[in-house]
Amino acid sequence: QVHLVESGGGLVQAGGSLRLSCAASGSISRINAMGWYRQAPGKQRELVAGSSGGSTNYADSAKGRFTISRDNAKKTVYLQMNSLKPEDTAVYYCFVDGSPDGSRLSYTYWGQGTQVTVSS
């Protein structure tokens, strides 16, 4: 089994920063992509940032403020969020696209979600 454990969410004032972490554990041998989605109350889940094959992509709302990085040896992805705004308030979910040991198939695994609340 593959498990993703997130940490780093919390309450912060507008203009502040938070760093989210997501570590994958279990029998996953190949990771194709890692990243973050978020879901605000009453809204659809949206991609915030992704990292795949050395490339990164960001939602327009995250560009210039958020930075995604990963430590492949630790199977961990990070999201550094600066200049946070109240509209960044959401539950943030990490994801990993990868293959379990011995499998050629790729699956998407999700973290449990971490709440980020930005006060004005």
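**View 1. Cys-22 sits buried, with a relative accessible area of 0%.** Here "buried" means under 20% relative accessible area, "exposed" means over 50%, and partly exposed is in between (1.4 Å probe, protein chains only). Cys-94 counts as buried too, at 0% relative accessibility. Before you zoom in further, note that this is a predicted model: local features need pLDDT of at least 70, side-chain atom pairs count only at pLDDT 80 or more, and totals for chains, interfaces and linings use all residues. Residues are numbered from 1 along each chain as its sequence is written, and side-chain values use heavy atoms, with hydrogens and water left out.

**View 2. A disulfide joins Cys-22 to Cys-94.** The S to S distance is 2.0 Å; a disulfide is a pair of cysteine sulfur atoms within 2.5 Å. By that rule, the count is one disulfide. Cys-22 belongs to strand E3 (residues 18–26) and Cys-94 to strand E9 (residues 90–100), so the pair ties together parts that are 72 residues apart in sequence. Strands (E, at least two residues) and helices (H or I, at least four) are DSSP runs, numbered from the N terminus. Which hand does the disulfide have? The torsion about the S-S bond is about 50°, so the disulfide is right-handed.

**View 3. Side chains alternate along strand E1 (residues 2–7).** Val-5 touches Ser-21, Cys-22, Ala-23 and Gln-112, not counting residues up to four places away in sequence; contact means heavy atoms within 4.5 Å.

**View 4. Four strands form an open sheet in the order E1-E3-E8-E7.** The pairing is antiparallel, and two strands pair if DSSP finds at least two bridges between them. E1 and E7 are the edge strands, each pairing on one side only. Six bridges join E1 to E3, with His-3 opposite Ser-25 in E3. E7 and E8 also pair over six bridges, and Ser-69 has Tyr-78 in E8 as its bridge partner.

**View 5. The largest nonpolar core has 27 residues.** Such a core is a set of buried Ala, Val, Leu, Ile, Met, Phe, Trp, Tyr and Cys residues joined through side-chain atoms within 4.5 Å. Those with the most contacts inside it include Leu-4, Trp-36 and Met-81. Leaving aside neighbours within four places in sequence, Met-81 is in contact with residues including Leu-18, Phe-66 and Val-116.
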